[in-house]
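Please look over the sequence and the structure shown here before reading on. The briefing that follows goes from a local detail of the backbone to a helix, and then to a chain as a whole.

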2 protein chains.
Amino acid sequence: MASFSVKPPSGMRDFLPEEILRRRSVIAVISKIYEEHGFLPLETPTMERLDVLLGKYGEEGDRLVFKVLHRGAKLEKALEQQPVKTGDLAELGLRYDLTVPLARVYALHREKLGTMFKRYQIQPVWRADRPARGRFREFFQCDVDIIGSREVLAEMDIFMAVCEIMELLGFEDFSLHINHRGLLSATMEAFGVPKEKETEALVILDKLDKIGRDAVMAELEAKLGATDLGEKLAPLFNLVEEKGTFEDLKKYYATVSLSAQGVTALEELEKLHRWSSELGNTRLFFHPLLARGLDYYTGPIYELRLENESASLGGGGRYDGLIGSFCGGEIPAVGFSFGLERLLVLMEERGMFDSQGSESPVCIAALEEEHAAFALSCAASLRKNGVRVDIFPGVTSPSKVFKWADRSKVRFVILIGGEEVESGRLTVKDMSNGALHQDSLQGLHSFFKK
Amino acid sequence: MASFSVKPPSGMRDFLPEEILRRRSVIAVISKIYEEHGFLPLETPTMERLDVLLGKYGEEGDRLVFKVLHRGAKLEKALEQQPVKTGDLAELGLRYDLTVPLARVYALHREKLGTMFKRYQIQPVWRADRPARGRFREFFQCDVDIIGSREVLAEMDIFMAVCEIMELLGFEDFSLHINHRGLLSATMEAFGVPKEKETEALVILDKLDKIGRDAVMAELEAKLGATDLGEKLAPLFNLVEEKGTFEDLKKYYATVSLSAQGVTALEELEKLHRWSSELGNTRLFFHPLLARGLDYYTGPIYELRLENESASLGGGGRYDGLIGSFCGGEIPAVGFSFGLERLLVLMEERGMFDSQGSESPVCIAALEEEHAAFALSCAASLRKNGVRVDIFPGVTSPSKVFKWADRSKVRFVILIGGEEVESGRLTVKDMSNGALHQDSLQGLHSFFKK
């Protein structure tokens, strides 16, 4: 008996068959739509060098990177130092997201991948976050990115794919909340927030959905000392609460003296609005206070949301600076990431999965060892005709086989004894109602086709 | 520009689109056949507790486990010690194989999984081995295991699935080399090898394919001091070299005075031989000197081999003790593991992959921003009819689009300008021969169906 815990590590999960089928069905929909839209698959190693990973996710993010301990001589040398320096203990870490690895791979294979590269990537990432309901330390991200396009047509391409995925998964109440870093920045400027306080202001705004309007206003005034900022922002809070249209937004901004950057940003949002109208896509909602946490965004930002759910199902934005920091030059890029775990939790809660079992519909069991070869050949023959057949991998009594089949939710059981081998006539027991059906192997091919 | 290397860490790989398609096609075949045989999918976390991992793979294996460095207070506390102990720096490691995680999961979910559990698992594992040609630090294993059956019918079930996979992948020269730990053990005993030297003898025998018969004999004599062991083993070496039949093997063993354990083992091999004969399966070869490295095997052991290739493509065996060490009792188990990387290398070398591209066959590009919505709607319409369509995510000149399409191996290009929007007639350029085809969107649906 083990003297240690057989549970998976904190915040990590074992996936049993039924759950895997659900995960795979969602991943299959996401991959299919991305591929139909011309995105190519990419996969990167679990580990990255720490100098690739660190300094991209902010201080808090860096702290959450899992580091891989040195081995052998390198470790010994590090431990000889006095005091031992943490930085000497590791040079590799586990992937924290899929965007930084994309930037690295693009920098390495730029020649091969070309100036315009559309890729998707569905892999786990690791963050040493405090585990909580729905928050794990190992979880999947489903990223889609376009490298090389400065135009918001790239954003529209991604929005259309995301909407198609959500529809195919069966969601009806989703919308893409969209804002623009340039517009946010220009708004803060117009409202007198000093440039150096802008990031702090955005971090506070980003909490709107979690802590509510009053708390955000209070925090803005307390931390930025801008007593009239709340008042100035009030029309935007109202717009969000009343789900104002893009026209409402535009009307409001006509009263604000925006910088050139702000005007361009508004024009980009308008383009997205116009295209979605022309395409009859009603899923875009322009949310003037959406801020998103990550530092590296430079243009439109967006989150996928459901009605009456505070957590987003995914999000993304334009990051025209990140890839250049890996390979020089300014390389525009735009991306979106689905949070697979939240999608699954919501689909489960809403009963959106068929209660399809993972088990084989048919099990064949030999009652004596001498009939095993015949049982195996029957199984092989049925499989050749597309029936999933489980061989009971032992020789036992009928009652034990039936008990096992019942528990394993196998629908049909075929027992092989001397009589069956001699006559070639097989008896199928339907475990759902106990009905027996006798037929030749040939006859069973058509029986199971139904 | 990055001041750090943008290469993946040593021994690890980025997978670009074309390679992923190949990997996925092989994984799809393996999963399909396993599922048709009633094996259910299982996935486990990347990390395991070190007390779960260590002590299962031998001393050399333990050294190759990647460990995850503690963070925060735990790390600080460990570094305060004098001297710092390696054991205090980490409590988690990366999965070294898929068998130990299976044992842990089974111990945890035994009630739910039942007494007979057939599972498959296809996931990466990590070993801090010295990287070499075809040897990586992150690589995929494709494991299939049956828990709960003492009978070699379980082995036969697995053999049949493995052979079907190899056939479906297109291999013609494969065979399963089979031996039995009990028979090996009884042979050593009959030849006078002391019990405590048996493992050492097996380790030497295991090198047969790598260092050859003479070197093995020399090492056996030098290390075991058994000067006549080589002579006694000679008939077995001959059997292997001449690819003797099972009858030859049986005839030989009739001359050896085997223990009861040895007799039972030989009977089990005979069963496998008889069943495979009855099923017309000619892929089983009984290899009386096959030893396999891992400690935990207790019954039949086997390796998948190709003619004229010294490396095996996979292997496995029965391990009736391992799972019990996690949850008590003796729980029989048998498994097989494909080495995905070797399979891929060999299939590549032998030209077994179609040179199918990963790209979309059709690209639609808008020449002016005002035509973007029309271009997007054409793309959406074609996709609804099952055509993979890439939107060129920018607005540019025809020549740039054609250049990009050429490089990206896109077959058909549709440019959208004012004329197309007005008339609704689209022109398709076939990049393979320059041919132009003009049609309505409706007409293109049937054009692309061909």
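In this predicted model, P83(B) sits in the loop that runs between α4 and β4 (90-94) of chain B. The peptide bond that joins Q82(B) to P83(B) is cis, and its omega is about -5 degrees.

**Backbone details**

- Most peptide bonds are trans, and most residues other than glycine have a negative phi.
- In chain A, the peptide bond from Q82(A) to P83(A) is cis, with omega near -5 degrees, and P83(A) is found in the loop between α4 (72-80) and β4 (90-94) of that chain.
- K243(A), which is not a glycine, has a positive phi near 50 degrees, and this residue lies in the loop between α10 (229-241) and α11 (246-253) of chain A.
- Because its relative accessibility is 48%, K243(A) counts as partly exposed.
- K409(A), likewise a residue other than glycine, has a positive phi near 60 degrees, and it lies in the loop between α16 (398-407) and β14 (412-416) of chain A.
- With a relative accessibility of 57%, K409(A) counts as exposed, since the word exposed is used for values over 50%.

**Chain A as a whole**

- The secondary structure of chain A comes to 18 helices and 16 strands.
- Chain A is more spread out than a compact globule, because its radius of gyration is 29 Å, whereas the globule rule gives 22 Å for 450 residues.
- Taken along the principal axes, the C-alpha atoms of chain A fill a box of roughly 90 × 65 × 45 Å.
- Of the 450 residues in chain A, 59% count as buried, and the accessible surface of the chain comes to about 19,000 Å², with 49% of it belonging to carbon and sulfur atoms.
- Among the contacts in chain A between residues at least 6 apart in sequence, 67% join residues at least 24 apart.
- Chain A carries 57 positive and 68 negative side chains, and the centres of these two sets lie 3 Å apart.

How values were computed
Residues numbered from 1 in each chain as written. Chains lettered and ligands numbered in written order. Predicted model: local features only at pLDDT ≥ 70, side-chain atom pairs only at ≥ 80, totals over all residues. Heavy atoms only, no water. Helix = DSSP H or I, 4+ residues; strand = E, 2+ residues; numbered from the N terminus. Rg over C-alpha atoms; globule rule 2.2 N^0.38 Å. Buried < 20%, exposed > 50% of the residue type's maximum accessible area, 1.4 Å probe, protein only. Contact = heavy atoms within 4.5 Å. Areas by Shrake-Rupley, 256 points an atom, 1.4 Å probe, with all protein chains shown as cover. Lys, Arg positive; Asp, Glu negative; His and termini not counted. Charge placed at Lys NZ, Arg CZ, Asp CG, Glu CD.
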